[in-house]
Amino acid sequence: MDGFDEVLTQELRTKVQAQLEKATKDYSKSRYIMTCRTQIMQGIPDGFASVEVADFNIDQVQAFVCNWFQANGQNEDAVKDQWQNFKLSIDRNPALKELTVTPVLLGLMCLVLQDEGEIPAQIGLLYKRGIRLLLEKWNDEKRINGWEIGTEEYQKLDVEKKEELLIKIAVKKFEDSENFILFDQGDLIEQISQHLRLSNRGDAYAVLKSIESQHGLLVERADELWSFSHLTFQEYFTTKWLLSLSLEDLSQKISDKRWQEVVPQLVKSQGQSDQLVQLIKQSIDYCMATHEKSQKFIVWVREKAGLINAPYKSAVIRLFCLAMDFDPDFASDRDLARERSIALDRVLALALDPDLNFDRALDLADALNFVLDFARDLNFDRAFSLYCVFNFDCDADQDVLLKRDRIRAIARTIDSQLVNKLEKLRSKFLISAKGDDFEKWWIVHSQVWKEQLIQTIVEHRDFTCDWQLTDEQQQHLWRYYDASKFLFKLLQIENAISPEARQEIEDNLLLPIAELKRRLPEQYGGIEEG
């Protein structure tokens with residue numbers, strides 16, 4: 001019994017299921033198989049075991065391909081040649097081989113091979129050519145005369161117009177994070193009516209059935225529930241729409257959390273997505289180009305990152321330096337460091353060693369920012385907390401003491417001038433803190449002492465500046481940082497883009513627009529600066 005999901009209504013499906021269960025009990029010695037799409041199956045009848053159709057193995061792939069070409073009129077020798085060409089393509093490209101487990105995509109590969117004599121190595125190009133063939137040639141070869149109303153309107157459309165319609169359908173549904181796979185028939189008819197300006201819903205329904213019968217790109221999965229025949233097709237149309245957006249519109253999409261969840265899936269599904277990821281990079285830079293103060297801040301971030309001498313990619317260090325001011329996770333870490341009151345000791349080494357590994361270099365930047373923040377808002381209670389770290393005689397965690405001694409030993413070999421200044425500040429603080437009049441000393445001298453500490457750190461290691469940014473400017477920089485972090489995550493997706501494109505993006509991540517225009521005039525030459 002095939003196609004339980006094709007029973008028209010839920011009420012009727014319930015009756016059919018009850019009849020089926022009764023039949024299996026009345027005739028218990030017989031064996032029964034019932035098929036149903038997983039989207040509609042809500043319960044397994046008593047006595048049935050649930051199994052899913054397995055992916056094709058290589059022998060089944062060969063059988064499918066040979067049958068496909070034989071059904072399309074090719075003789076035995078030609079079929080063998082086509083299989084050899086097909087197998088050679090998938091053996092050379094593991095990404096293509098992964099597509100062969102699915103009949104719909106396997107059929108698309110056969111269609112392209114038959115028309116062009118080869119299968120493109122890039123998955124995105126395979127989809128592009130295959131879908132165009134479905135919209136062009138199958139429209140002529142598979143014309144079905146059962147849908148008189150609406151067919152004429154649809155057949156008048158050229159391939160570009162048909163793609164526009166499918167793109168609108170794909171994109172609108174992809175923005176629904178809870179269910180972007182199944183389409184309600186009423187919603188589809190409404191979209192088609194609006195896009196083609198059809199006054200009769202019956203005409204729009206006929207267009208929908210034409211798309212199903214002529215191309216197989218949209219299929220009715222169950223009663224008035226539709227989807228693309230394969231999610232990859234929906235992802236292809238959505239990707240094509242993103243590529244058509246202006247840099248300004250794309251930057252707005254990338255800052256939307258919903259699209260930040262969708263785009264990685266699109267990048268994974270389309271193979272090497274060089275064009276999309278590079279365009280995302282340009283849109284992020286574009287949103288900063290007209291903000292003069294933001295550009296100055298990015299210049300400063302680049303200079304700040306240059307102070308960290310580490311065997312890591314410069315883009316990673318720039319991203320971290322920007323995070324110090326805009327990532328709430330780092331802010332939380334600094335708050336925690338305040339409570340532990342150990343950051344100033346860490347500075348003595350981590351702020352000064354030009355040969356630190358990257359992990360310690362990040363610790364360095366965190367410590368410097370903490371010390372400056374700590375010094376700016378240091379109150380009397382925190383002063384005593386700081387004393388516990390400064391004082392050699394206090395009871396402190398053994399790990400802290402060992403780290404402190406190691407830090408001082410390293411620091412003295414790197415920048416003796418900074419060490420001497422910090423030690424003088426430390427001595428002045430300890431001497432005053434040990435006395436009975438520390439509270440009075442603190443009231444009179446704390447502001448000067450804090451300013452000296454701040455100036456000392458900034459003078460020797462310019463890790464924090466008072467930019468006096470407005471709320472709007474801070475929000476703008478936060479969006480830039482958040483989008484850059486998102487782009488960095490896209491680059492970590494395996495096989496997302498070619499090695500050459502990845503290297504170019506990483507080399508030019510988080511750079512001021514003037515520098516980008518100098519390096520990549522073809523991509524950035526037309527962008528106006530603030």
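**Exercise 1.** In this predicted model, determine which residues of helix H10 are buried.

*Solution.* The buried residues of H10 are Asp203, Ala204, Ala206, Val207, Leu208, Lys209, Ser210, Ile211, Ser213, Gln214 and His215. They amount to 11 of the 15 residues of H10, so the helix is largely enclosed by the rest of the structure. As a check on geometry, the 15 residues of H10 (residues 201-215) should span 21 Å at 1.5 Å a residue, and the distance of 21 Å between the end C-alpha atoms agrees.

**Exercise 2.** Characterise how helices H13 and H24 pack, and state which residues meet.

*Solution.* Begin with the geometry: H13 (residues 257-269) and H24 (residues 471-491) pack at an angle of about 20°, and their axes lie 11 Å apart. Angles under 35 degrees count as roughly parallel; H13 and H24 are therefore roughly parallel to each other. Their crossing is right-handed. Next, identify the contact: Lys257, Gln260, Val263, Pro264 and Val267 of H13 meet Asp482, Phe486 and Leu490 of H24. By class, the residues of this contact comprise five nonpolar, one polar and two charged.

**Exercise 3.** Locate Phe56 and decide whether Phe56 is buried, partly exposed or exposed.

*Solution.* Phe56 lies in the loop between helix H1 (10-26) and helix H2 (58-71). Buried means under 20% relative accessible area and exposed over 50%; with a value of 23%, Phe56 is therefore partly exposed. Leaving aside residues up to four places away in sequence, Phe56 touches Val61, Phe64, Thr100, Val101, Pro103 and Leu106.

Conventions. Residues numbered from 1 in each chain as written. Predicted model: local features only at pLDDT ≥ 70, side-chain atom pairs only at ≥ 80, totals over all residues. Heavy atoms only, no water. Axes fitted to C-alpha atoms, helices over the stretch in contact; angles between N-to-C directions. Helix = DSSP H or I, 4+ residues; strand = E, 2+ residues; numbered from the N terminus. Parallel < 35°, antiparallel > 145°, perpendicular 65-115°, else oblique. Left-handed = near helix turned anticlockwise from the far one by under 90°. Contact = heavy atoms within 4.5 Å. Nonpolar A, V, L, I, M, F, W, Y, C, P; charged D, E, K, R; others polar. Expected span 1.5 Å × (residues − 1). Buried < 20%, exposed > 50% of the residue type's maximum accessible area, 1.4 Å probe, protein only.
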